[in-house]
Amino acid sequence: MTILVLGGAGYIGSHTVDRLIEKGYDVAVIDNLITGHKHAVNPKARFYQGDIRDRGFLEQVFNAEKIDGVIHFAAYSVVPESMAKPLKYFDNNTGGMITLLEAMHDHQVNHIVFSSTAATYGEPKQVPIKETDPQVPTNPYGESKLAMEKIMKWSDTAYGIKYIALRYFNVAGAKADGTIGEDHNPETHLIPIILEVAQGKRDQLKIFGGDYPTKDGTNVRDYVHVVDLADAHILAIQRLIDGGDSDAFNLGSSTGFSNKEILEAARKATGKEIPAEVAPRRAGDPSTLVADSTKARQVLGWKPNYDDVEKIIATAWQWIETHPNGYDDK
Ligand code: UFG
């Protein structure tokens with residue numbers, strides 16, 4: 001069984017490739033290495049460097065491989081950057097999806113699992129958020145991914161390409177043995193930034209906004225461990241290959257932590273002081289995002305192993321302590 005993973009050199013992609021190989025799948029990886037790292041890719045996977053928008057390149061890979069299913073991570077994902085550069089997001093994310101689906105249709109590859117996001121919901125009317133809740137993004141990143149979901153829906157109707165959209169909430173942590181982890185440049189995500197302060201690479205954390213309508217005025221997010229998230233992708237692609245229908249699932253822990261609570265958990269996990277101050281709000285941030293992920297547990301049989309945010313942060317800290325400069329390849 002061969003799975004093609006697009007964006008397999010990225011943070012979530014590389015953990016998924018690793019888990020697919022641990023579970024005995026044959027894996028081919030596509031990544032343009034703009035944000036990904038070659039060293040993050042399990043060496044048992046076949047690696048193709050190229051861009052998802054390059055139809056000729058996709059043609060070569062689809063001709064070389066006999067693909068049973070596709071897991072698609074190859075997209076830009078930084079909310080504030082998308083506010084400044086929306087067209088970059090629609091081009092790579094939404095445009096890339098069209099090229100990929102054309103290649104899949106031409107080669108009769110009819111199963112795709114796709115990295116969607118809680119950002120497709122925008123500012124929720126109620127939390128925890130259910131899959132059936134309205135999707136009204138507050139930033140171009142979320143809008144680009146919502147468009148991708150819709151494109152897949154119509155490709156299913158027209159061509160029978162079955163899809164599962166996995167709407168992630170906030171992802172954190174690293175493989176427990178510390179061999180792969182998160183390495184973004186520049187880093188924009190809360191937990192790795194907090195850990196950079198703990199490492200002494202930054203002077204202090206700036207907490208964006210202290211006047212949100214939440215328990216302590218800071219944004220609330222729902223954190224899931226990257227290996228638990230990886231496992232959900234494998235359950236989803238296997239479900240499609242086994243004849244399952246198109247669907248969408250939230251992936252989160254169903255528990256919300258404020259930015260200040262995450263800071264406290266990181267202080268405990270690292271034993272470091274971690275200076276912080278409240279700064280102005282960041283554009284495009286919804287106040288609270290917490291998942292109702294009952295459906296993933298019931299339908300996919302997803303059972304996350306990590307339910308403690310301090311333990312999730314501890315795995316990220318282990319990766320950073322053993323790889324203080326990440327993959328050190330840029
Ligand atoms: N934050 C700070 N200071 C920082 C960095 C972040 O206070 O230096 C805050 C943000 O304002 C936000 C929270 O930490 O309140 C989390 O921010 P992240 O940038 O870590 O993550 P986001 O919630 O913005 O976005 C992440 C993913 C998206 C996904 C979203 C869904 O990056 O792809 O979660 O929950 F859509």
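Author: In this predicted model, P128 sits in the loop that joins strand 5 (111-117) to helix 5 (140-159). The peptide bond leading from V127 to P128 is cis, with omega near -5°.

Reader: Where is P186, and what is the peptide bond from N185 to P186 called?

Author: P186 belongs to the loop between strand 7 (170-172) and helix 6. The bond from N185 to P186 is cis, its omega being near 0°.

Reader: Why is L33 called partly exposed?

Author: A residue is buried with 20 or more other C-beta atoms within 10 Å and exposed with 12 or fewer. L33 has 17 such atoms, so it counts as partly exposed. L33 lies in the loop between strand 2 (26-31) and strand 3 (46-49), and its phi is near 60°, a positive value in a residue other than glycine.

Reader: Why does I274 count as partly exposed?

Author: Burial requires 20 or more neighbours. I274 has 19 C-beta neighbours inside 10 Å, and therefore counts as partly exposed. I274 is placed in the loop between helix 8 and strand 13 (276-279); although not a glycine, I274 has a positive phi of about 55°.

Reader: What makes E264 partly exposed?

Author: The class lies between the limits of 12 and 20. E264 has 15 C-beta neighbours inside 10 Å, so E264 is partly exposed. E264 is part of helix 8 (residues 259-270).

Reader: How far apart are E264 and E310 in sequence and in space?

Author: E264 and E310 are 46 residues apart in sequence, and their C-alpha atoms are 9.1 Å apart in space.

Conventions
Residues are numbered from 1 along each chain as its sequence is written. This is a predicted model: local features need pLDDT of at least 70, side-chain atom pairs count only at pLDDT 80 or more; totals for chains, interfaces and linings use all residues. Helices (H or I, at least four residues) and strands (E, at least two) are DSSP runs, numbered from the N terminus.
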